[in-house]
Amino acid sequence: MSVTTDHRPDDEHWMRQALALARRAQHEFDEIPVGALLLDSQRQVVGEGWNLNIAECDPSAHAEIVAMRRAGQALGNHRLVGSTLYVTLEPCAMCAMAIVHARVARVVYAASDPKTGAAGSVFNLLGDPRHNHRVEVAGGVLASEASTMLTNYFRAKRGRPLLPH
């Protein structure tokens, strides 16, 4: 399965909520601004998260992992069958494999990650036919907004002028 630009009518709504979580990561925790939220099969939010790897001294505390952990706890199950994960940055290899193991049905991401993306940019772990679970992937929802937020985070850290929104 490859990345599509087939977006559902409410994808932008949910991605805006994920972007709000990304801003929270940056402003409250000085983390790289990545946010994620997970909807169950009834389109109800069951988990949300943002990058916490610096704050929690945990290399696995990426936004996607945090959201899936919270969803698993809320549902009382490590399987997140029928769920949709919204994330502001294309998942990395670690997150992609956790998504496969959790049996997430669909991933919607904003910005592609040309360095470590594992949903089609550098690797295609979510679409690898060797896995026993397939994940539908849609990319590019509010990509420009997410990309600018990430770029400006790193520009600010380096003392460089910010890009306009």
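Hi everyone, let me begin with a term: contact here means heavy atoms within 4.5 Å. This is a predicted model, where local features need pLDDT of at least 70, side-chain atom pairs count only at pLDDT 80 or more, and totals for chains, interfaces and linings use all residues. Residues are numbered from 1 along each chain as its sequence is written, and side-chain values use heavy atoms, with hydrogens and water left out.

Let's start with a helix pair. Helices (H or I, at least four residues) and strands (E, at least two) are DSSP runs, numbered from the N terminus. On the α1 side, R16, L19, A22, R23 and Q26 meet E145, A146, M149 and Y153 of α4. Sorted by class, that contact has five nonpolar, one polar and three charged residues; Ala, Val, Leu, Ile, Met, Phe, Trp, Tyr, Cys and Pro count as nonpolar, Asp, Glu, Lys and Arg as charged, and the others, Gly among them, as polar.

How do the axes of α1 and α4 cross? The axes of α1 (residues 11-29) and α4 (residues 143-157) come within 11 Å and cross at roughly 5°. Axes are lines fitted to C-alpha atoms, for helices over the stretch in contact, with angles from 0 to 180 degrees between N-to-C directions. The two helices are therefore roughly parallel, a label for angles under 35 degrees.

Now, α4 itself. Its end C-alpha atoms are 21 Å apart, which agrees with the 21 Å that its 15 residues should span at 1.5 Å a residue; the expected span is 1.5 Å times one less than the number of residues. Buried means under 20% relative accessible area, exposed over 50%, partly exposed in between (1.4 Å probe, protein chains only). The buried residues of α4, including M149 and Y153, pack against α1, β3 (84-89) and β4 (106-111).

On to the core. A nonpolar core is a set of buried Ala, Val, Leu, Ile, Met, Phe, Trp, Tyr and Cys residues joined through side-chain atoms within 4.5 Å. The largest one has 50 residues, and M15, V104 and L126 have the most contacts inside it. Its largest share, seven residues, comes from α1.

Finally, some backbone angles. Most residues other than glycine have a negative phi. Which phi does L142 have? L142 has a positive one, about 55°; this residue sits in the loop between β5 (136-139) and α4 and is buried, at 16% relative accessible area. R43 also has a positive phi, near 70°, but is partly exposed, at 23%.

Conventions:
Parallel < 35°, antiparallel > 145°, perpendicular 65-115°, else oblique.
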